[in-house]
Amino acid sequence: MRLSTSLFRLRLQISWSLFFIAMTILLAGCGGNSIPIGPTSLNSRYTEEQPALSGNGRLLAFVSNRNGTHQLLVYDLETQEFIQLPGLNRPNTIIESPSLSFNGRYIAYITSDQGRPVVALYDRAIGRSQVVTPTYRGWLRNPHISPDGRYIVFETTIRGQWDIEVLDRGPNIELDIPNGATVGQ
């Protein structure tokens with residue numbers, strides 16, 4: 001009886017040891033160190049959603065909850081750095097659904113104006129935003145900007161149902177920078 005109790009304890013110790021070794025291998029294999037996490041990396045420990053890629057594939061815009069604030073961030077995939085967006089992320093302002101033009105000069109997004117969603121456009125070349133749908137009475141969502149930055153499409157309920165609107169910014173606007181030139185950072 002004593003021998004079988006000792007063997008049972010030995011087996012129990014071995015099985016717990018194997019369990020801890022397996023868990024250590026499993027946790028190490030998850031690659032926690034292979035994904036850079038921090039304020040200057042693409043991934044963080046906060047919610048990041050609604051990604052949008054520029055037409056040339058260089059810039060990634062997304063909505064993040066880093067630093068305890070809701071903000072729109074743009075990450076340069078080539079240099080692996082965040083791009084400064086002066087005047088875009090203001091306190092107590094919600095920004096949703098970003099869309100980038102081909103080279104990322106223009107960013108169309110949803111924000112709120114007096115409690116109603118509006119489509120706004122940020123120009124990285126001048127560092128300024130403007131509301132492009134100030135007179136819409138319905139709800140708006142999902143804006144997308146054309147590669148050259150002239151057209152913005154979005155969904156609206158102005159007729160009592162979700163419809164698609166196309167906003168032409170006009171022939172006299174400065175289009176996204178031609179020939180692949182980049183906007184100064």
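The model is predicted, so local features need pLDDT of at least 70 and side-chain atom pairs count only at pLDDT 80 or more, while totals for chains, interfaces and linings use all residues. Residues are numbered from 1 along each chain as its sequence is written, and side-chain values use heavy atoms, with hydrogens and water left out.

**Threonine 47**
- You will find threonine 47 in the loop between helix H1 (2-29) and strand S1 (48-53); helices (H or I, at least four residues) and strands (E, at least two) are DSSP runs, numbered from the N terminus.
- Threonine 47 counts as partly exposed because its relative accessibility is 48%, with buried meaning under 20%, exposed over 50% and partly exposed in between (1.4 Å probe, protein chains only).
- Its contacts (heavy atoms within 4.5 Å) are Val63, Ser64 and Asn65, leaving aside residues up to four places away in sequence.
- From threonine 47 to arginine 66 the C-alpha distance is 7.5 Å, with 19 residues of sequence separation.

**The four-stranded sheet**
- Four strands make an open, antiparallel sheet in the order S1-S2-S3-S4, where two strands pair if DSSP finds at least two bridges between them.
- S1 and strand S4 (81-82) are the edges, each with a single partner strand, so one side of each has no neighbour in the sheet.
- Two bridges join strand S3 (residues 71-76) to S4 in the antiparallel sense, and tyrosine 75 has phenylalanine 82 in S4 as its bridge partner.

**The S7-S8 hairpin**
- Strand S7 (residues 116-123) pairs with strand S8 (residues 128-131) in the antiparallel sense over four bridges.
- Tyrosine 122 has serine 129 in S8 as its bridge partner.
- Four residues lie between the strands of this hairpin, and glycine 127 takes a positive phi near 65°.
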